[in-house]
Amino acid sequence: MTPDLHLWLIPVLPLVGAAVNGLFGKKFPRQAVAGVALLFSGAAFALALLVASRFSSLTTPHVEVLATWIRAGKFQADFSFFLDQLSLVMLLVVTGVGFLIHIYSVGYMWEEGGFYRFFSYLNLFMFFMLTLVLASNYLLMFIGWEGVGLASYLLIGFWFTKDSAAAAGKKAFIVNRIGDFGFLIALFLLIKHFGTLNFDQVFQGIAPMGAETGGAGLLTAVGVLLMVGAAGKSAQIPLYVWLPDAMEGPTPVSALIHAATMVTAGVYMVARSHVIFERAPMAMTVVAIVGTLTALFAATIGITQTDIKKVLAYSTVSQLGYMFIACGVGAFSAAIFHLMTHAFFKGLLFLAAGSVIHAVGGEQDMRQMGGLRTKIPWTFWTMTIATFAIAGIPPFAGFFSKDEILWRAYQASWVYWFIGLFTAFVTSFYMFRLWFMTFFGEYRGAAESSHHEVDELGHADMRVGVPAPHGHGHGGIHESPRLMVVPLVVLAVLSFIGGWIGVPGALGGSNRFEKFLGPVFHATAAGAEGHRGTITEGEGEGPESQAGHATELIFTGISVFAGLLGFLLAWQLYYRNPLLPQQIAAGLGGLYQAVLHKYYIDELYAALFVKPLIAGSALILWHGIDQDVIDAALDNSAHGAREVSDSVRHMQSGNLRSYAGWVAAGAAVVIAYMIWMGTR
Amino acid sequence: MVPISYYLVLSGILFACGVTGFLIKRNIISIFMSIELMLNGVNLSFVAFAAQWHALSGQIFVFFVMVVAAAEAAVGLAIIIAVYRTRETLNVDQVDLLKL
């Protein structure tokens, strides 16, 4: 008998917070809004910790049915929650990082208009994300999936008076819709063949099936379609275009939704569906190829971006690519490991970037920064830790997770490994480029800029009469308030030590993280025979482990070397010779321009899809069907009625004798008819 | 005995005269008189049938028609006088306000 954990409370608490702030927050003072938001998200975190502390005494997976939702014939979907090692990790990451970012947001958003709205949306996001993570069937997961999309849309377009923000919100929503289309079809296929969407029942139904090695079958179709959904949510090729634009949202939103949690939902979903993918090698290959291409592609774009948040956005896309490489080669626990460490260091990077932006008065262009090292030391040191973590320098968190992915990728195919390694080098290069451009050299921005980013947005009317508690408005570059620094420090500590729970055997660790997730990824894998390394790897150290360790150490060395090489190159180009990059860029000419314009992908999509779609909608749907068919039918019937009455109304001449004539004529007709009938 | 068809033909002729007068005359008084002619044409056929079938109801109907015609004459003449006082004409073609 497993104890009742009241799992349902974890998502519902933030929902209550969202409702309170959303319905009544307008009247609350800022302190009360912040208090409500922090209370409910903090309570969810506390509850998640409580669940984690009692986790070892549970029989997993632990399922709690709250209420029946849909019951139609044999099909049943419930409001039920599912807890195993995988959802526990996600639960802790979402509530933990989410709570920290809530704290940070109080400081960051203090002077913004719509303070209550922001926290209401943020809590709403937590609700949907936790629903997604805890759902015990695909349908409830889909609710969370759509819900986080909604929250993302609302928060990207938070400054809705700004055209670009509103457009970015729409873009994110529409691109995600394309992915959701694939996800939905996958769900329909599952219902058709298994009659249920509950995880355990679907996976039990699949368990006896063998791997589809011969060709593409049902599971391959489901897997590829699920990947389409994941590509939308997790910003993979070809649906990644929304994520860089999503940076229009407030920076804490970029940190929470578009770096740490929501965009990893696709990885979580693929990992959750690992039973399907393990039996569909072709789908796995698709996942790995998409991940590999995205990782490389986005990383190269990151080199040329000058907006500090855009660099981080492309970096996020690229790191998500790593996670999909891991999923695609069957190293699901490595993917989740990287997901977790990425949530720490990328969340931290965004928060620190927000702190930088805050310090220099809303400037996001790195060319206008520089020399901030001594002026905002807390931000500098925390961001340094995060930068080293993402660059894969030991012993920071990113090193362990990235290294594990690269090692597992190599076991699958050296191509994945090589591109991944090159991407690691590029990642290290653009991250240190950001680091040097922001914190070193001379300050290049306009002196004494004191405008916060909202000032450009014309929101001054919305924030009248708000006391500035930490002297926001004063001139000059200043360190962020303590409310913002504390989350930075906590995340920095996590970015530093977060990788130590997954130290691989080759480095003398025992990879506790993978062992912890083991029951999730290996319990059901036994049925799928011999997918590359999936099963044998997890069983612990085989007889060839000694030789394997030596090779693994060499590969670790190579990837660390790649990271250091990136550092050195960035140091050379952006610290020693700041003028050199421009010369190189000029020398590269067309190639540089292509990368700078993000390979013209947005333009390509605009030409291929957006413009034809808009033109088609305008010509066929709007002018053609709406105006020429629907409107025309209405207009023409109205015109017809008018014409008929126009001709008929002349009978109403007002002339008495003509009326009498009509009466007489009518009578004559009736009489003639009667006579005719009588003579027949 | 005169056959009933004679009466009916005469009644039809009278009614047709009334209709024709109603349609072609412009003076309200003449139109009014045409109406009386139509009524009396109908009265004639009533009486003829009553005599033919030895049924009183036809003759009683004639009295009804006469009473109604008298009442109509009273109301109609009053209206004609009112129209003449306001419009100073008895030509129906000029009394055509009741149109679009």
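## An enclosed helix

In this predicted model, helix α17 of chain A is largely enclosed by the rest of the structure, because 16 of its 16 residues are buried. The helix covers residues 397-412. At 1.5 Å a residue, a helix of 16 residues should span 22 Å, and the end C-alpha atoms of α17 in chain A are 24 Å apart, which agrees.

## Chain A as a whole

Chain A has 680 residues, and 50% of them count as buried. Its secondary structure consists of 26 helices and 2 strands. Along the principal axes, the C-alpha atoms of chain A fill a box of roughly 120 × 70 × 55 Å.

Among contacts between residues at least 6 apart in sequence, 80% join residues at least 24 apart.

In soluble globular proteins, nonpolar side chains tend to be buried together. The largest nonpolar core here has 212 residues, and A:V287 and A:A335 have the most contacts inside it. Helix α15 of chain A, residues 332-359, gives the most to this core, with 18 residues. Another core lies apart from it and has 5 residues, among them B:V19, B:F22, B:I28 and B:F32.

Which residues does A:V287 contact, leaving aside its neighbours within four places in sequence? They are A:M227, A:V270, A:F277, A:F324, A:C327 and A:G328.

## A closer look at A:F429

A:F429 is found in helix α18 of chain A, which runs over residues 414-439. Is A:F429 buried or exposed? The residue has 25 C-beta neighbours inside 10 Å, so A:F429 counts as buried; the cut-off for this is 20 or more.

Not counting residues up to four places away in sequence, A:F429 touches A:I303, A:G566, A:L569 and A:A570. A:F429 and A:G589 are 160 residues apart in sequence, and their C-alpha atoms are 20 Å apart in space.

## Where the chains meet

The contact between the two chains takes 10 residues from chain B and 10 residues from chain A. On the side of chain B that touches chain A, 7 residues are nonpolar, none is polar and 3 are charged.

## Confidence in the model

The model scores ipTM 0.77 and pTM 0.78. For chain B the mean pLDDT is 90, and 97% of its residues reach 70 or more. Where pLDDT is low, the predicted coordinates should not be read in detail.

Notes
Residues numbered from 1 in each chain as written. Chains lettered and ligands numbered in written order. Contact = placed C-beta atoms within 7 Å. Nonpolar A, V, L, I, M, F, W, Y, C, P; charged D, E, K, R; others polar. pLDDT = per-residue confidence, 0-100. Helix = DSSP H or I, 4+ residues; strand = E, 2+ residues; numbered from the N terminus. Expected span 1.5 Å × (residues − 1). Buried ≥ 20, exposed ≤ 12 C-beta atoms within 10 Å, placed from the backbone. Core = buried A, V, L, I, M, F, W, Y, C linked by C-beta atoms within 7 Å.
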